[in-house]
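Trainee: I should like to work through a protein model by asking about its parts in turn. May we begin with the helices?

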Amino acid sequence: VEAKGRELGLGFDWWQQQAGTVILGYGAGGRYVATVGGVGMSIPRQVGKTYFILAMIVILCILFPGLQVIWTAHHLRTSTKTFTTLRGICRRKKVAPLIKPNGIRSANGEQQVEFVNGSMIMFGARAQGFGRGFDEIDIEVFDEAQILDSKALDDMVAATNQARHEHGALLLYMGTPPRKSDPSSEFRLRRSEAWSGEAKDAIWIEIGADPESDPNDPAQFPLMNPSFPLRTPLESLLRLRKNLKDPDSWNREGRGIWDPEVTGGALSHARWLTLADPH
């Protein structure tokens, strides 16, 4: 993917190279190691996660003819904004000839890009029911995964049951730490299973500042944003801080810090074992 990206003028920064190596890793059988459990990514704002995943998927569509991709966000405006970024990538000089004539289409709140080799990326908003009824989908991206309930997931995951991709289907969940009011049970569950060691055949990537650090400590900027200062200059982070006036919002969306987990009811088996008295 990196080699093809260089050929097309789509580069990746060091953290994107590392994350991509993990996400696209596959085992001796040639199947993605996360083809069963999927890939969760908790990454703050302004790090470059959208470009990273978009560029990676565009390159995969070029490398694997017929690859079928669905990209959903909770809000239509988010989906449309991301599609605009994709359209810019597809109009680059070395990418454009690989896009089917009139292959970039937008209508009725649903957008798509079709490649000459039959690959396709389809966009839509979950809030408008996009994603139901598809089949033979190879990659699904759940943007704004902090706003993803089990019903929406149930409607869409089945679409990958007949995936044709040689390395298996791949589910990508990307978002920022959720607010208490967000319907985020699916995103929280993936994080909880990863941190407890219970996750099987899954990947969890979390970028964030030290939860115990001072919210205004600039020494945390490289930890919470690996694109700083190369892609994201200091003034961009300061602007984000000024606009996210609520300290909790700054910690979640700017610094990537999750709220402490509050549990009521039964402990998980893994947590129970950690509390055992050796005597």
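**Helices, strands and rings**

Mentor: In helix α3, the buried residues are K49, F52, I53, L54, A55, M56, I57, V58, I59, L60, C61 and I62. Buried means under 20% relative accessible area, exposed over 50%, and partly exposed in between, with a 1.4 Å probe and protein chains only. The model is predicted: local features need pLDDT of at least 70, side-chain atom pairs count only at pLDDT 80 or more, and totals for chains, interfaces and linings use all residues. Residues are numbered from 1 along each chain as its sequence is written, and side-chain values use heavy atoms, with hydrogens and water left out. Helices (H or I, at least four residues) and strands (E, at least two) are DSSP runs, numbered from the N terminus.

Trainee: How many of the 15 residues of α3 are buried?

Mentor: Helix α3 covers residues 49-63. It is largely enclosed by the rest of the structure, because the number of its 15 residues that are buried is twelve.

Trainee: How far apart are the end C-alpha atoms of helix α4?

Mentor: The expected span of a helix is 1.5 Å times one less than its number of residues. Helix α4 has 15 residues, 76-90, and should therefore span 21 Å. The distance between its end C-alpha atoms agrees with this, at 21 Å.

Trainee: Which residues of α4 are buried, and how wide an arc do they cover around the axis?

Mentor: An α-helix has 3.6 residues a turn, so residues three or four places apart point the same way. In α4, the buried residues are T78, S79, T82, F83, L86, I89 and C90. They lie on the same side of α4, because the arc that they cover around the axis, taken from the directions from the helix axis to the C-beta atoms, is only 130°.

Trainee: Which exposed residues does the face of α4 turned away from its buried side carry?

Mentor: The buried side of α4 includes F83 and L86. On the face turned away from that side, the exposed residues are R77 and K81.

Trainee: Which residues are buried on each side of strand β2?

Mentor: In a regular strand the side chains alternate between the two faces of the sheet. Strand β2, residues 68-73, has six of its six residues buried. Both of its faces are covered: one by Q68, I70 and T72, the other by V69, W71 and A73.

Trainee: In which sense do β2 and β5 pair, and which residue in β5 is the bridge partner of A73?

Mentor: Two strands pair if DSSP finds at least two bridges between them. Strands β2 and β5 (residues 120-125) have six bridges and pair in the parallel sense. In β5, the bridge partner of A73 is A125.

Trainee: Why is the pair of F142 and Y173 stacked?

Mentor: Rings of Phe, Tyr and Trp (its six-membered ring) pair if their centres lie within 6.5 Å; planes under 30 degrees apart count as stacked, over 60 as edge-to-face and the rest as tilted. The structure holds eleven aromatic pairs. For F142 and Y173, the centres are 5.0 Å apart and the pair is stacked because the planes are at 10°.

Trainee: How many residues apart are F142 and Y173?

Mentor: F142 is in strand β6 and Y173 in strand β7 (residues 170-175). F142 is buried, with a relative accessible area of 0%, and Y173 is buried as well, at 2%. The pair links distant parts of the chain, and the separation is 31 residues.

Trainee: Which residue lies over the face of Y173?

Mentor: A charge sits over a ring if NZ of Lys or CZ of Arg is within 6 Å of the ring centre and within 35 degrees of the ring normal. At 4.1 Å from the ring centre of Y173 lies R190.

Trainee: How many disulfides are there?

Mentor: A disulfide is a pair of cysteine sulfur atoms within 2.5 Å. By this rule the count is zero. C61 is in no disulfide, and the nearest cysteine sulfur, 8.7 Å away, is that of C90.

Trainee: Which peptide bond is cis?

Mentor: Most residues other than glycine have a negative phi, and most peptide bonds are trans. P229 lies in the loop between α7 (221-224) and α8 (234-243). With omega near -5°, the cis bond is that from F228 to P229.
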